[in-house]
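Student: I would like to go through this structure slowly, asking at each step what a term rests on. Could we begin once it is in view?

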Amino acid sequence: MHFNNICRDVELFLRGLKLDLPELFPAPRRYRPAPVRGRRTSGLPPAARRNAKRIIVARVKHWAGLLNVDYNRVAIKDQRTLWGSCSGRRNLNFNWRLAAAPPEALDYVVIHELCHLREMNHSKKFWALVGLACPDYAARRRWLKENYAALRHPDTAALLLPKAAAGE
Ligand SMILES: [Zn+2]
């Protein structure tokens, strides 16, 4: 018995059936993670963007030192539904709106992403790491959830403009 051959035969049979009866084989649903809007920081004035990056990078540096983790690059993004993310290449991405959030909320997301550089998952071990740096992380998470709409408001960008330019 060659199971591989049987599998192959079944596969070929199903492939043929799919061509004959496409309605039985709907296109597979693609899992789509939260949309990431690459480099688009639509409507965000460059000065506000620079300011957001400065604020966020300062916290990343601070916490990376305390948590003793190395990261590669920090990018500021205009993600619709994500506050932050990190990649296997140790690049960190943060939503620019965090720069306009209370420092506790920003720090929570920074800590969360930096802890992923140690634990690339949301296991108990991961949350224990987050909890060490940020014992009240649950409240900070809740704040972000509850104030999501407020931070999505178009006026948020104005909060990040340098003072002199803000009143123009
Ligand atoms: Zn996470």
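Tutor: Two strands are said to pair if DSSP finds at least two bridges between them, and the model to which we apply this is a predicted one. With that in mind, Ala 75 stands opposite Asn 93 in β3, and Val 74 stands opposite Leu 92 in β3.

Student: How do you know that β1 and β3 count as paired strands?

Tutor: Strand β1, residues 74-77, is joined to strand β3, residues 92-95, by 4 bridges. The rule asks for at least two bridges, so β1 and β3 pair, and the two strands run parallel.

Student: What joins β2 to β3, and in which direction do they run, parallel or antiparallel?

Tutor: Strand β2, residues 84-86, is joined to β3 by 3 bridges, and these two strands run antiparallel. With at least two bridges required, β2 and β3 therefore pair as well. One of the residues involved is Ser 85, whose bridge partner in β3 is Asn 93. β2 and β3 form a hairpin with 5 residues between them, and in the turn Arg 90 has a positive phi of about 65°.

Student: How do you know whether α3 and α5 are roughly perpendicular or roughly parallel?

Tutor: They pack at an angle of about 110°, with their axes 9 Å apart. The range for roughly perpendicular is 65 to 115 degrees, and α3 and α5 are therefore roughly perpendicular to each other. On the α3 side the contact is made by Glu 104, Ala 105 and Tyr 108, and on the α5 side by Tyr 137, Arg 140, Arg 141, Trp 143 and Leu 144. These residues divide into 5 nonpolar, no polar and 3 charged.

Student: Why is Pro 102 called partly exposed?

Tutor: Pro 102 has 13 other C-beta atoms within 10 Å. A residue is buried at 20 or more and exposed at 12 or fewer, so Pro 102 falls in between and is partly exposed. Pro 102 lies in the loop between β3 and α3, and its C-alpha atom is separated by 9.4 Å from that of Trp 143, 41 residues apart along the chain.

Student: What makes up the largest nonpolar core?

Tutor: This core has 29 residues, and those with the most contacts inside it are Ile 56, Leu 98, Ala 99, Leu 106, Val 109 and Ile 111. The elements that give two or more residues to the core are α2, β3, α3, α4 and α5, and the largest share, 8 residues, comes from α3. Not counting residues up to four places away in sequence, Leu 98 touches Ile 56, Trp 83, Ala 105, Leu 106 and Val 109.

Methods. Residues are numbered from 1 along each chain as its sequence is written. This is a predicted model: local features need pLDDT of at least 70, side-chain atom pairs count only at pLDDT 80 or more; totals for chains, interfaces and linings use all residues. A nonpolar core is a set of buried Ala, Val, Leu, Ile, Met, Phe, Trp, Tyr and Cys residues joined through C-beta atoms within 7 Å. Two residues are in contact if their C-beta atoms, placed from the backbone, lie within 7 Å. Axes are lines fitted to C-alpha atoms, for helices over the stretch in contact, and angles run from 0 to 180 degrees between N-to-C directions. Angles under 35 degrees count as roughly parallel, over 145 as roughly antiparallel, 65 to 115 as roughly perpendicular and the rest as oblique. Ala, Val, Leu, Ile, Met, Phe, Trp, Tyr, Cys and Pro count as nonpolar, Asp, Glu, Lys and Arg as charged, and the others, Gly among them, as polar.
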